[in-house]
Amino acid sequence: MKQVLHNERGMALAIAIVALVVVGALIAGAFFSGTQEQRVAENERRVQASFGVAEQGVYDVIRGWSAPAAKATYNGLYPYPAKGPSKDTVLIGKRTATSKTGSYSGTLFKLNDELFLIDVSAQDTVSLAGRIRGGGASQRLGLLARIRPLAINTQAAVTSGGSNVVVGSASVDGYDHVPTGWAGCPPLDSAKAGIRTQSDGTVSTSGHPTLLGNPPVLKDPTLADSSFSIYGDVKYTDLAASASVTLPAQNFSNSIGPAILNGACNTGVLTNWGSPTAPTGPCGSYFPIIHITGTGSVINGQEGQGVLLVDGSLDVQGGFQFYGVVIIKGSLKTSGGGSTPAHFWGTVMVQDTAAFTDTTNNISGGANLMYSKCAILKALNKTGVGSMMRSRGWVQLF
Amino acid sequence: MPLLARRGFTLIELMVALVLMGLVSTAVYKVLVSNQRLYLAQTQQIDLQQNIRAAATILPAEFRELDAADGDITGMGPDSIRMRAMRQLAFVCNTPALGGGIGQLDLTIRATPMYGNRLSFAAGDSLLVYWEGDPSKRSDDIWLPAQVQSILATGAVCNDSGPTLNQGFSLRMQPNWINNAALNIANAITRGAPVRGYDKVVYRTYQAADGNWYLGQRNPAQGGTIQPVIGPLIGANGVTFSYYDSIGAVTNLPTQVAQIEIVLRARTASPIRSGGAGVQAYKVDSMVTRVALRNNPRCGPGSMPPRPCN
């Protein structure tokens, strides 16, 4: 065997090996290029899939806004940047797209009373699984959302479907007032009527009440019964159905007031209707829709804000203050009691439905019913749902 | 065996060896050349496909954010489009002074959060500012154009937050609409209002100095010379834009464009042999895609078809 090896003098093997190596390298190079190309193409497909998931994500947030829990969370935010413990953002937890092609998560920022930014990042399923070298694909999209407030045609501080008696030192004022300490209010609105009634409605006074507005009393033949039940595209029943607080009629005494737990607004307490006199406090941004079923409610003292719907009659006996929109199907009575007079900032609509025996509103005891566009707007904004901004709401975020 | 006793190769042996070596070398050369051609052809094809893919990524991303009804398309043709390309999203942090005949707009813009490929401002930047008007109405909300005249200040300019979040830019502008009393009203631009920065860009096909046709972008904010984006193309008709309104009919009105169709026909940079053919030729590939403009008005003025807002 040793002799045979000594006799090997050719180069065929060496040449063959060199040729194989060169050809192999070229083929490997071609394969490498091909593989890279395939990877790029697959990544491109993943980018497209991620884009689709991200786009679904931003619209999912809009679609889910009207759910009571989401609405309460989103509308309860403070404009960015909020001072703790108040929050200006909500994290959108990871959700799988309905197409099962990926998942998205993100953040919802509150920019001001009307505007929000939905910031969503998405990854396709394969990238999300972490099996792609370099992290795979992802896409980030934004949507500017604007609150679609309820359309309530407010034309007076008090809109009444029955008779009205204003006595003592009570005041009904159709001029626009900005609640003390409230920020971000729009310019003052033009003067509204003090009391607006139907053609056959009456307004009588005794003592030294104040009736202000343009005009102080407006008899409006266009004011129909339906005006108290249908507001643009929303009905009273829709509002009641979306109430965040529903309570039976009762004597609330002075139990209505903000409830704070560990520095945050405790919205689980049904007698917590926000804190209008502390607008920067934990409950200052809480504007619930409150629905009181039945009739004969009595409130004496403390405060609330938002939209107050009363199926029956309401009797305010003391220093209770409410900021926003009040819609009463029965009648309203205010009377003395407590250390401060009753205050309503915003607008009060009292239908005085014939179904109730008493269809006369008695405003006495030094009550102040003042038109406030800011209070109405904030209440409606906080109870409205978000929708994509009408123009330029779609943003590719980087 | 002594060295002198060795007899070496015969001529015949040498000739046979040379012939064999020649045959082997020729075969190896052929394999090498063919592999190299294959490699070059493959590289060119990859470049071609990358071009197509780049077009499918870049152009739709630019077009999606357009609001044609609000004048984002300022010129359009089959081989070119002149438009506002969105580059920036930021937010106002102080309610600007408006109303009372004020003659300029001083906007304070928060540094964080800010999105886009430009995270600062400079004189000459073009902006669209969200004008809220009456907050109780959505129907009067519009975006108003403004150009940055000067940077008044940077740093701690936001007065609504503490030291970590008060960083921003104070910009002075003098837009034409400031003279319109219906727009220049107090609190019409609110704190938190979005501001979008844009570049006025042109995409068009052009023939470069190397004789090839490209789709180029001209952006005055970046020097104003046309830069190749995609190419080489098959020729002057390498990119075709078609414009459709919201019901899918072809339109030549920039404000009614709801979809833009892009047809791209690109070719390799040089001729290649493909499919075992002996003749070299340019390899051509193409792509068709249609992009829906996401930011057109959904209802009210400018919506197509006209749809009232509720």
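User: Okay, buried means under 20% relative accessible area. With that in hand, is C93(B) buried or exposed, and what about C158(B)?

Analyst: Both of them, C93(B) and C158(B), are buried. Keep in mind as we chat that this is a predicted model.

User: Got it. What joins C93(B) to C158(B)?

Analyst: A disulfide does, with the two sulfurs 2.1 Å apart. In general terms, that is a covalent bond between the sulfur atoms of two cysteines.

User: Which hand does the link of C93(B) and C158(B) have?

Analyst: The link is left-handed, with -80° about the S-S bond. C93(B) sits in strand 2 of chain B and C158(B) in the loop between strand 5 and strand 6 of chain B, so this pair ties together parts that are 65 residues apart in sequence.

User: Nice. How many disulfides are there over all chains?

Analyst: The search of the whole structure turns up three. One of the others pairs C185(A) with C374(A), and their sulfur atoms are 1.9 Å apart. That link is left-handed, with an angle of -70° about the S-S bond.

User: Where do C185(A) and C374(A) lie?

Analyst: C185(A) is in the loop between strand 7 and strand 8 of chain A, while C374(A) belongs to helix 6 of chain A, so the bond ties together parts that are 189 residues apart in sequence.

User: Why do C185(A) and C374(A) count as buried?

Analyst: It comes down to the cut-off of under 20%. C185(A) has a relative accessible area of 14%, so it is buried. C374(A) has 2% relative accessibility, so it counts as buried as well.

User: And which residue does C265(A) form a disulfide with?

Analyst: Its partner is C283(A), with the sulfur atoms 2.1 Å apart. This link is right-handed, at 105° about the S-S bond. C265(A) lies in strand 17 of chain A and C283(A) in the loop between strand 17 and strand 18, so the pair ties together parts that are 18 residues apart in sequence. Both C265(A) and C283(A) are buried.

User: What is the pairing if I number the bonded cysteines of chain A in sequence order?

Analyst: You get 1-4, 2-3.

User: Switching topic! How many residues of chain A are in contact with chain B?

Analyst: 51 residues of chain A are in contact with 58 residues of chain B. About 4700 Å² of area is buried between the two chains, and carbon and sulfur atoms give 58% of it.

User: How many salt bridges are there across that interface?

Analyst: Six, by the rule. One of the salt bridges is between E132(B) and R146(A), whose closest N and O atoms are 2.4 Å apart.

User: Which parts of chain A touch chain B?

Analyst: Several elements of chain A each supply at least two residues, among them helix 2, strand 3, strand 4 and helix 6. Helix 2 gives the largest share of that side, with 16 residues. By class, the side of chain A that touches chain B has 31 nonpolar, eight polar and 12 charged residues.

User: Last one: where is E65(B), and what does it touch?

Analyst: E65(B) is in the loop between helix 1 and strand 1 of chain B. With 5% relative accessibility, E65(B) counts as buried. Leaving out residues up to four places away in sequence, its contacts include W394(A), V395(A) and Q396(A) from chain A, along with R196(B) and N295(B) from chain B.

Note on methods:
Residues numbered from 1 in each chain as written. Chains lettered and ligands numbered in written order. Predicted model: local features only at pLDDT ≥ 70, side-chain atom pairs only at ≥ 80, totals over all residues. Heavy atoms only, no water. Contact = heavy atoms within 4.5 Å. Buried area = accessible area lost by both parts, 1.4 Å probe. Salt bridge = Lys/Arg side-chain N within 4 Å of Asp/Glu carboxyl O. Helix = DSSP H or I, 4+ residues; strand = E, 2+ residues; numbered from the N terminus. Nonpolar A, V, L, I, M, F, W, Y, C, P; charged D, E, K, R; others polar. Disulfide = S-S within 2.5 Å. Buried < 20%, exposed > 50% of the residue type's maximum accessible area, 1.4 Å probe, protein only.
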